[in-house]
Structure formats: C-alpha cells, structure tokens
Amino acid sequence: MKRLNNLYYSKRIKELLAELQTAGTTLVVAPMGYGKTLAVQYFLQEQERCGKKVLRQSIYGAGAEAFWQGVCHSWQNTELGAALLQQSLPADANAKTLVLELFRQLLPQEPVYWFIDDLHLLESSEAIDFLFALSKAGFADLHLLLVSRGQIFDGSRLLELGRKVFCLDKHDLALQRDELAEYSSRCGLQLTTQQLDALHEACEGWFSVTYLNFLNYDRYQRFCLDTGSVYEMIANVLLRPLPSEQQRLLLLMGQPEEFTPEQVAYAYGTSCRESVGRLLECNAFIIRLANGRLRCHHMLKQATRHAFGLLPEAEQQMYFRRLGQWYAQQKEYEEALDWLYRGRDFDGLLAAVQQLRDWSMHPQHRQHLFDWLCECPPEILWQYPQAVLIIMRRMFSLNMVPEMLQVKEWYVTALERNTALSQRERDNYYGELEVILSFLAFNSITGMSEHHRRAYKLLSGAPQTLSKQGIWTFGAPSVLGLYLRTGCSLRQTVEDMQECMPPYYLLSGWHGAGAAELTEAEALLLQGRIDEMDMPLQKAYYQAEKHGQECITICCDFLEMQRNLFRGVYSSKAEAYSRHQWQLQPWKQSMLLNSADMCAGFYYALLGKPEYIPSWLTDGNGQQPSVLYPARPCRNYISAQCLLAQGQYTELLVRCSDWEQECRPYSNFLCLLYLQVQRAAAFAGRGDVTSCRASLKQALAMAEADKLVLPLAQNIALLRPYLEQEAQGECSAAAAAALHLGQQMEAGRGQIMSARFAEAGLQELTEQELQIAQLAAARHTNREIAQRLSLSEGTIKQYLNKIFAKLQIDAAAKNKRHQLERFFSNS
C-alpha cells in the first residue's frame, strides 16, 4: 500500500533535533524544499506532547510593523503579550533595553519554544536586530527557533553569540543515500539500487523534489530527473492532472497566506467539501498549522498564483471579492481590505474600514490608501463619511498631507450628500474633522486651539482621533522648544498656552495636563528669574502626576535639574535618569527613555561631566533613537550642548547647519537661539574670534527682546570674554544679564563639584599632582611651588591645568584656587 504523504525523519535528523532542547537560539537555514519547517514542527509536536509551551509565528511580509504584530499575537493571552502590545518594534538602544526588560520580568516561569518561520521574507533590519538582542540576552527558559532560506545573522554576530546559538543547514537536512532508501520503502515504493542512485544524484537530498518524484513515479512509473524548474514540476505533478473543480480549488488555496476548507468552499461558490478533503489528503505541500488553519508550501503557492494569474480578469476579481467577503464575515476587517479592493468591491471595502477605529494599518495599505478613494465611485463614497474620516486620520500619521487635504473635500461632500445622517451624527463628523485639521496648525497654539474649540462644540462625546495615552510633547523635554515660534513672543506664548490648554483638556480628557503651568515656569527660567519659577513648576508637577502625563513630568524634571545648578544642589533625578532607575513602569512608551537620556545628557553637559552623557546624543554616525519629528530640534540643541562639553567644537560646527534647517518647518525659535549660542561657543573653543563675535551678536539680538539669557549663561565658560566685550555694545543689557546669571551658575556648579565629586577627583591625582594641588590650595604662587619642587614655572602651569581638568574646575574661572581650596576642605 502506497503511503506517499507520510512524513519521514531519520534517526540522524531526530538526534540533531534533540539538540534544540538545550539551545537558547536555533538557526535553521536552507533553500526551499529541504523540510526546514516540517522538521521543526516535528520537534515542537514532541515538546507539546511533553507539556511544553510552544508559540508559532510565520512571516508573510517584509515590513517591520507586520512582524511586530506577529510577535504580539504570538504572546497573546500572557502578561508579556499585554505589555508588548503597548510597545512598537524597538528601533533604538533604549527601546531595545525596555523590551528586553519586559521579557526578563514577564517571561512565563517554564520552558517556552518560540518558532518564527520564513524569516527570509523579512526586510526589516530592526526586526533582525531585535532577534539578535533577544538571542544575546539568553533567557534561560526561552528557546528561539528561527527558520529562513538565507542567512539570518552575519558572521560577526554568530561569533558574538558563540555557544548560545545552534545551527542547522541544508547539509544537515538533506536526505542521505541510505535515508532515501528507507524513505522510499516506508512510502511503499519498490525501487532498484540503480533507481535510488540516480534519484539521489539528481535530487542531492532535496526533500521536496524527492517527494514530487515519488508522486510522479507512482502515477507514471518514471522519475522527472531532467526538469528545468521545480515550479513546472509542481504544475505537471500536482496541478494539471486534477479535474477542473479540484484545479480551481487548489488555485484558491494558494491565494491567502493561510486558509480554512470552509473559506475555500465559500470563495469557490458551491458545496465542494469532499473535493477539498481529497486535495488535503493527497498533497503534502499543504501544511496544517497549530491554529487549525492550513497553508500551502511556498513552492506550491508560487505555482498556483502563477496559474491563477492566467485566469480571465473578471473571474479573478470574482474570487478576490468572495475572499474579501469571507474575511469581513469573520470580522477580520484588515485582512479583508486588499481582497475587496482587488475584487473592486468598494462598498464592502469602505464598510470594512468603518469597523477599524483603532486601525494599525498594514504597510501595504499605505500604497493603496489614496487609490481606494480615487477609484471608488462617488455615489458609494458619499455613503461612508466615517470611513473617509478614518482614512484621513491615517493619512496624517503617514505624513500624506497633500492627499489628506484633497480627501478633506471628498469628506465634506460625503457629509453633505449623505441624507441619512442625523444632525447630531453630522456634527460629530465635522467635530472629528476639526480635531484632525488641528494637527496641521502645529505649532501655532492659537491656531490649534481654534480647531479644538470648534470640535468641542460639535462633538457629543470624546473624539476618536485623540488619545490621552499619546505623548503630548512628542518626546521633547522642553515645551517652549516646541511652541516658541518667534522672538518678542515669550509673554504672548505663555498667555496663549494658559488660555488655550483648558479647552483642550476638556476635549481630550486632560491630555498634556500641566503644560500651561510648565510653560510659565520655563519662561521664567529662560529669563534667569530662578526664584520666581518654583510655584508654576510645582503646579505643573501636580497636574501632570494627577492626570498621568509622564511626558510633562519629565519636562518638569528637566527644568528642575537646570534650576538646581544655580542653587548648588546636585540632581539625584539626573543620576536616576542616566541609569534609567526612575518611576516609569517598564511597559510605558520607550520614547520617554530617550527623553530621559536628553534630560540627563544636557544636565551633565552643563555640569561638566561629559563621561555621563549617553553616547547616542553625540554619535553622529550611530543609529539615532526615536523621537517624533517635531521633537527633533530639541534633541539637536541638546546634542550640541553635549558636543561642547566634550570639546568636539568642529563636529558641532559641521552639523549645526543641518540642525538649524530642522528648526525651520515649525519655527522652533528657542532651539534656533540655542544653536546660535552654541555655534558662537564652538568658535570660541576653536579660537576663531571673528566668527565667535559675529555669531554671538546674532544670538544676543535674538535673546534681547524677551531677555532669553539662559542659553548664554549656560555657555559662560567659553563665552565670558566675548560677553564682557558685548556688555559695552548694542545688546549690553542682555550681555550683562547673561554674565551675571552665568556667574551664579558657575558658583552653583562649583558647590556641586566640591560636595559631590571632590573625593573622587582627588583620587585621580598622581602623587606629584596631589602635592602641587595642596600647595596651590594653600595660595602658593607658581614660582614658589616651582622653587620648592625644583621644577620650572611652565611645568607647574602644565600640572595645574591637568589638576583643574581632573577636578572638573573650569579653566576659564577666575577663582580656580579658591575652588581648589574648597576641594581639600570638603574632602
């Protein structure tokens, strides 16, 4: 009796698969048709019989978003899965750290086998980076099984993983000559030695081609050893010999990535369960999945899709339409969209879109998003204003603004033409439109507020477009960095924020709570009014914490860190931020970790401790952690301050023009002011007096009207002599105020350095340096020290410069020896 669809695993393969139980990560890499998936599935079924937890994920597209949706789906119904749903695929070091911490904390306390198939289809470097990081972390109870046609990790990464990874390749999976003989015997074929030799030589152990030859031999008593294409072989052996009905059914099975017998019968249009059953029984290229669905092997899928493409267009559209209707009936609306579009069923397409209020959107939908509306007959489009609204919302998030504005006209027409809407429904739709259009007015506070107020009057409930969980600051640690648009507008900006935020709070459920008070506190800090900022800052803290707005709390901490420098108080929050030991729970947005890095980096740059600055803030060639586009100007001026602290003046000047350009789209005036000051400081660091004075004059002119002297004061170490000259010029008031505020900051910084870092700094001194430092602290002159130690005055001066650098004493300060004296008294 022939048993051609029986699966065969040799003793050698079983022994190799047993190694997977002890491997943290297993890589199975071989060309198509070598039985990679079947071998891993056999191993996993054995584990499931032993009560082990098995998760399966298949890759069906190239995009990162689809991959991450698959990750979340794999871990669904677990605490880890719920936490992963709050994240996106980690694209930078902080996000990766956060997700790995989730795995460390929330992995089930039992062995878990996580199988990810067809990784060769994935074109996301971020996804591969994530899998490498997960492999490198080496969680004891997590076994990753990664299957691909091509290389998954490059050679250097494989070396880095070392014994944490176990590899199988095509040589391990290929049938050996004695295994081929045993396989054919188990299938019930009686083959001669010559036939086995010829088959093994022609197929080279390729499992799928061997199986196709067995089928052909059983039917025609001959092998297909001279075929030029495995796809042609599949068509000749599996497709063309079938009756017409079964041919169509097999073609339909090859269209979806996964399918059910009921789905195929529905798409075919008549009762054909017996025919479907016969196909499944006699075709080993159709695989039954753990979720109860079926999937065609890639070789069969490619062959059937080619044959399907030869059908008349009207017939193809009919089948596509039925497939889409099937998914819609199962409430799998996202899956239904492409099928309905390909079947030209626009009525069904827009009805499905209306069910997708929280639509995450597959990457392929972006390509067709505008086409759906352009090609939809107007009489159908006008019946679905809600679907048009949802598409508009997605267009904004995908930066499709010109298309969005065109769709706006269709949306308004749809509302006017739809006579079935009640006035309340119509008002709600117009209110949602106002919310969407408000984003186009960013960063005009009053312009956005006009839309918000109109939306509030029109809507009868909370808008679908806004989420209280979104990051109101886009990841920036400075509100005025986002919203101060021009010079001479500081007071007006504060007043606008105080007037416009309360209506927005009512509309959004307190999204961004504390922003108005925070803006006032930041304005006072920028003007050097340190003691006046305490009350609004505490109000901002209270509102942010009351309404769960962590992004505003971070902005408050950013101001507090800068304020405390003037008061000589070391910021423990900066230390906690730099180590990510802070109050945010690990399942909150990873973007806020990048915000924390920016706060800590800026603080330590001002303090003069560049070794504590997160490396990504100054690494121009590295991968930039993610902040949303509006927050990039803030990130840039913080990076510039960090480069100044590291003495990388040339690097700052090279990058400054690009950074300034990123401030232009939203008129980020404060960020431009910081960059202008930092440009002047970089020129000063290089000794370019002419360029420094020219840049400083521009910065003073920008700062003078609103008395924005903080950026100048924070760079006093490099700009002091130039500010002293400008204190006699056209912008004398701003220069004098910056000098006064800068002296306060230097004094506070000196107190922090003395109290916090004195002992550590002194321990870095050599015996000779310590002796010279003690004499200098005792107010001996360089000449006296040189005579006592039998050294030259020039040598003593060089030693003192090294000592001041190690003790973080500002080389430009006039009271260096006084600070040195304080070091010894405090230590």
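This is a predicted model: local features need pLDDT of at least 70, side-chain atom pairs count only at pLDDT 80 or more; totals for chains, interfaces and linings use all residues.
Accessible area here comes from the Shrake-Rupley method with a 1.4 Å probe.

**Overall look**

I looked up the accessible surface of the protein and got about 35,900 Å², with 48% of it belonging to carbon and sulfur atoms. Of the 827 residues, 55% count as buried. I then boxed the C-alpha atoms along the principal axes, and the box came to roughly 105 × 80 × 45 Å. My tally of secondary structure reads 43 helices and 7 strands. I also checked how far along the chain the contacts reach: among those between residues at least 6 apart in sequence, 70% join residues at least 24 apart.

Charges next. I have 81 positive and 90 negative side chains in the protein. The centres of those two sets lie 2 Å apart.

**Cores**

Which residues have the most contacts inside the largest nonpolar core? I found Trp-472 and Leu-723, in a core of 120 residues. Helix 35, residues 669–686, gives the most to this core, with 13 residues.

**Cysteines**

How many disulfides does a search of the whole structure find? I got 0. Cys-187 is in none, and the nearest cysteine sulfur, in Cys-203, is 13 Å away. Cys-187 is buried, at 1% relative accessible area.

Most residues other than glycine have a negative phi, and most peptide bonds are trans. I listed some exceptions.

Arg-344 is not a glycine, yet its phi is positive, at about 60°. I placed Arg-344 in the loop between helix 18 (333–342) and helix 19 (346–353), and at 36% relative accessible area it is partly exposed.

Cys-488 also has a positive phi of about 60° without being a glycine. Its place is in the loop between helix 26 and helix 27.

The peptide bond from Phe-442 to Asn-443 is cis, with omega near 5°. I found Asn-443 in the loop between helix 24 (423–439) and helix 25 (445–458).

**Ser-489 and Cys-488**

Buried or exposed: which is Cys-488? It is exposed, with 63% relative accessible area. Ser-489 sits in the loop between helix 26 (479–483) and helix 27 (490–508), but Ser-489 counts as buried, at 12%. Leaving aside neighbours within four places in sequence, I have Ser-489 in contact with Leu-484 and Asp-706.

**Asn-782**

I found Asn-782 in helix 41, residues 782–789. At 21% relative accessibility Asn-782 counts as partly exposed, since buried means under 20%. Beyond its neighbours within four places in sequence, Asn-782 is in contact with Glu-793, Ile-796, Lys-797, Leu-800 and Arg-817. I also took the C-alpha to C-alpha distance from Asn-782 to Gly-794: 8.6 Å, for residues 12 apart in sequence.

Terms used:
Residues are numbered from 1 along each chain as its sequence is written. Side-chain values use heavy atoms; hydrogens and water are left out. A disulfide is a pair of cysteine sulfur atoms within 2.5 Å. Buried means under 20% relative accessible area, exposed over 50%, partly exposed in between (1.4 Å probe, protein chains only). A nonpolar core is a set of buried Ala, Val, Leu, Ile, Met, Phe, Trp, Tyr and Cys residues joined through side-chain atoms within 4.5 Å. Helices (H or I, at least four residues) and strands (E, at least two) are DSSP runs, numbered from the N terminus. Contact means heavy atoms within 4.5 Å. Lys and Arg count as positive and Asp and Glu as negative; His and the chain ends are not counted. The place of a charge is taken as NZ of Lys, CZ of Arg, CG of Asp or CD of Glu.
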